[in-house]
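Here is a short tour of one protein chain, written to be read with the structure open beside it.

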Amino acid sequence: MSFDLRAIIENFVLVIAALIPIVNPLGAAPVFVTMTRSLTPAARVLLARRVALNAFLLLAVPMFIGNYVLGFFGLSVPIVQIGGGLIVCSVAWALLRQEPDSIPDPQYVVKPEDGLAKAFYPLTLPLTVGPGSISVAITLGANHANNVHSLLTAAPSLILGAAVVALSIYLCFRYSYRLTAALGTTGTLVFLRLFAFILLCIGVQIIWNGLSTLIATHHGLPAIS
């Protein structure tokens with residue numbers, strides 16, 4: 001029993017360590033503020049809760065069935081990385097090109113009449129949980145997918161890890177306006193630009209990871225990182 005508990009704790013820490021840096025809820029908080037500036041505080045709290053729930057599902061489900069779904073459609077993780085990386089680059093580029101006194105790109109703005117329609121896209125996918133996070137989640141699940149018993153044994157740590165990441169997303173988005181108030185207008189703008197650039201780099205890195213894996217697989221070479 002002690003061995004099982006130790007394995008659960010180790011897997012739990014692994015999930016947190018792998019997902020928190022790439023999800024980066026603290027870095028996404030100013031972007032959430034920018035996209036939801038026209039909403040009431042109550043609406044933002046509700047939206048933050050929905051985004052966190054969506055993020056939990058997007059992280060937990062691929063851990064258990066991601067490999068099987070990709071296999072059913074004949075897709076590979078590198079292909080998902082390339083397609084998703086392009087979406088991440090698109091969102092990041094729109095944020096980088098946004099003028100300081102202008103509203104964000106209309107397709108990414110959440111208006112009061114939208115309700116929760118944009119809670120999934122673009123606020124959850126790809127802003128919060130992008131293809132990089134999903135591919136990491138699939139990889140974490142694949143480590144235990146050699147048989148059903150192994151996957152079920154790892155289930156508590158995988159679910160708890162995804163839940164903690166989702167909770168961090170909710171807290172950062174829930175109190176995002178306090179964060180931006182503490183940073184001030186200039187600080188928020190700098191933070192937003194910095195995150196947008198990092199997001200663009202992440203998108204390029206995701207695309208490169210997918211391309212390098214495909215190239216290496218085609219030529220029988222080790223993947224280039």
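In this predicted model, Phe173 is a buried residue, with a relative accessible area of 1%. Phe32 belongs to helix H2 and Phe173 to helix H7 (residues 148-174), so the pair links distant parts of the chain, 141 residues apart.

The other pair is formed by Phe72 and Phe73, and its geometry is edge-to-face, with 5.1 Å from centre to centre and 90° between the planes. Are these two residues buried or exposed? Both Phe72 and Phe73 are exposed.

**Charges over rings**

Two arginines also meet aromatic rings. The charged end of Arg44 is placed over the ring of Tyr177, at 3.7 Å from the ring centre. Arg174, for its part, lies over the face of Tyr175, and here the distance to the ring centre is 4.8 Å.

**The overall fold**

Stepping back, the chain contains eight helices and zero strands. Read from the N terminus, the order of its elements is α-α-α-α-α-α-α-α. Of the 225 residues in the chain, 43% are buried.

How do individual helices fare? Helix H2 (residues 25-35) has ten of its eleven residues buried, so the rest of the structure largely encloses it. Phe32 is one of those buried residues, and others include Pro25, Gly27, Val31 and Met35. Helix H5 (residues 119-128) is mostly covered too, with seven of its ten residues buried. These seven are Ala119, Pro122, Leu123, Thr124, Pro126, Leu127 and Thr128.

Phe120 is another residue of helix H5, and it counts as partly exposed because its relative accessibility is 39%. Its C-alpha atom is separated by 8.6 Å from that of Ala55, although Phe120 and Ala55 are 65 residues apart along the chain.

**How the helices pack**

Two packed helices are described by the angle between their axes and the distance between the axes. Here are two such contacts side by side.

| Helix pair | Angle | Axis distance |
|---|---|---|
| H4 (residues 77-96) and H8 (residues 176-219) | about 160° | 8 Å |
| H3 (residues 41-73) and H5 | about 55° | 10 Å |

Why are H4 and H8 called roughly antiparallel? Angles over 145 degrees count as roughly antiparallel, and the angle between H4 and H8 is about 160°, so these two helices are roughly antiparallel to each other. Their crossing is left-handed. The residues of the contact of H4 with H8 comprise 20 nonpolar, six polar and one charged.

H3 and H5 are arranged in another way. With their axes at an angle of about 55°, H3 and H5 are oblique to each other. H3 passes H5 in a right-handed crossing.

The edge-to-face pair, Phe72 with Phe73, is made of exposed residues.

Conventions:
Residues are numbered from 1 along each chain as its sequence is written. This is a predicted model: local features need pLDDT of at least 70, side-chain atom pairs count only at pLDDT 80 or more; totals for chains, interfaces and linings use all residues. Side-chain values use heavy atoms; hydrogens and water are left out. Axes are lines fitted to C-alpha atoms, for helices over the stretch in contact, and angles run from 0 to 180 degrees between N-to-C directions. Helices (H or I, at least four residues) and strands (E, at least two) are DSSP runs, numbered from the N terminus. Angles under 35 degrees count as roughly parallel, over 145 as roughly antiparallel, 65 to 115 as roughly perpendicular and the rest as oblique. A crossing is left-handed if the near helix is turned anticlockwise from the far one by less than a right angle, and right-handed if clockwise. Ala, Val, Leu, Ile, Met, Phe, Trp, Tyr, Cys and Pro count as nonpolar, Asp, Glu, Lys and Arg as charged, and the others, Gly among them, as polar. Buried means under 20% relative accessible area, exposed over 50%, partly exposed in between (1.4 Å probe, protein chains only). Rings of Phe, Tyr and Trp (its six-membered ring) pair if their centres lie within 6.5 Å; planes under 30 degrees apart count as stacked, over 60 as edge-to-face and the rest as tilted. A charge sits over a ring if NZ of Lys or CZ of Arg is within 6 Å of the ring centre and within 35 degrees of the ring normal.
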